[in-house]
Amino acid sequence: MQPIFTTNITKFKADDTLLIEDILVREIKFDIIVNNVKLGSVMATPIDLDALAIGYLLSENIVSSFKDIKSVNLSADFLSIDIKADVNEKSLRKLTFENVIISGCGRSVTANIDPDALSAKFIKSRVKFRRADISKQMNEFYSQCELYEKTGCVHTAKLYASGGEFFIGEDIAQHNTIDKAVGKAAMKGIDLSDTFLMVSGRLSSEMVVKAVMNAIPVIISRTAPTSLGVLIARKFNLTLCGFARGENLNVYSGLERIYV
């Protein structure tokens with residue numbers, strides 16, 4: 001299944017009326033099945049769906065590491081994925097019975113905004129990144145996002161490792177982009193404690209918590225954080241930056257990981 005499709009539309013441009021072919025991003029309902037039990041469904045863009053599911057399980061503490069996953073089978077129609085894994089039963093029960101509706105795109109649920117889930121997630125990484133390198137990566141960000149370039153209709157995330165490797169996530173749902181980027185990195189065995197995460201949208205609580213749950217020490221956005229996002233970042237020693245545009249950067253937490 002292609003992540004985009006084309007359709008004819010009418011476009012008004014000044015005094016002209018045009019019939020043109022437009023490129024749109026595809027949206028599907030994607031079922032995540034773990035150990036033969038349907039964990040839930042997410043609205044998603046049909047690209048990097050294996051990474052999305054793996055990143056989601058890591059972010060929700062359903063699995064502790066990629067090594068806990070035994071097999072991953074994506075259906076032929078791209079509408080579901082069947083994963084066999086050693087799971088954290090407590091997190092699984094919380095996700096199923098005590099989920100919280102989050103402020104992401106559409107109706108999304110999470111089990112990880114929870115004191116028990118976060119209690120052991122204080123970020124101890126001593127990694128440092130040069131401000132100029134952060135600005136460079138942010139300035140290149142959108143040019144590396146193929147779906148965004150084609151449609152302008154997706155959120156994006158970029159996970160940058162200190163060795164120079166990076167992983168892109170694109171999706172209609174902002175929280176899915178982080179899971180995709182994290183899933184890609186996990187499948188390659190990247191140490192997330194030496195990375196920083198860039199996102200295209202706001203840094204609300206669930207976005208910040210995804211960084212905390214995956215031990216990512218730095219998260220950066222072109223836009224603003226919410227108050228709860230900042231409080232969570234400060235509590236768990238996460239470096240949180242907003243309004244990263246050109247040479248400008250607002251640091252709300254964890255300044256010690258950024259140097260000039």
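This is a predicted model: local features need pLDDT of at least 70, side-chain atom pairs count only at pLDDT 80 or more; totals for chains, interfaces and linings use all residues.

Residues are numbered from 1 along each chain as its sequence is written, and side-chain values use heavy atoms, with hydrogens and water left out.

So, how many aromatic pairs does the structure hold? Four. By a pair I mean Phe, Tyr or Trp rings (for Trp, its six-membered ring) with centres within 6.5 Å; planes under 30 degrees apart are stacked, over 60 edge-to-face, and the rest tilted.

Take Phe129 and Phe196: the ring centres are 4.7 Å apart and the planes sit at 75°, so we call that one edge-to-face. Phe129 is in strand 9 (residues 129-130) and Phe196 in strand 12 (residues 195-199), so this pair ties together parts 67 residues apart in sequence. Strands here are DSSP E runs of at least two residues, numbered from the N terminus.

Phe129 is buried, at 6% relative accessible area, and Phe196 is buried too, at 0%. Buried means under 20%, with a 1.4 Å probe and protein chains only.

Now Phe196 again, this time with Tyr160: centres 5.0 Å apart, planes at 40°, so that pair is tilted. Tyr160 belongs to strand 10 (residues 155-161), 36 residues away from Phe196. Put together, ring pairs make a cluster of Phe129, Tyr160 and Phe196.

Last one: the charged end of Lys158 sits over the Phe166 ring, 4.7 Å from its centre. "Over" means NZ of Lys or CZ of Arg within 6 Å of the ring centre and within 35 degrees of the ring normal.

Methods:
Helices (H or I, at least four residues) and strands (E, at least two) are DSSP runs, numbered from the N terminus. Buried means under 20% relative accessible area, exposed over 50%, partly exposed in between (1.4 Å probe, protein chains only).
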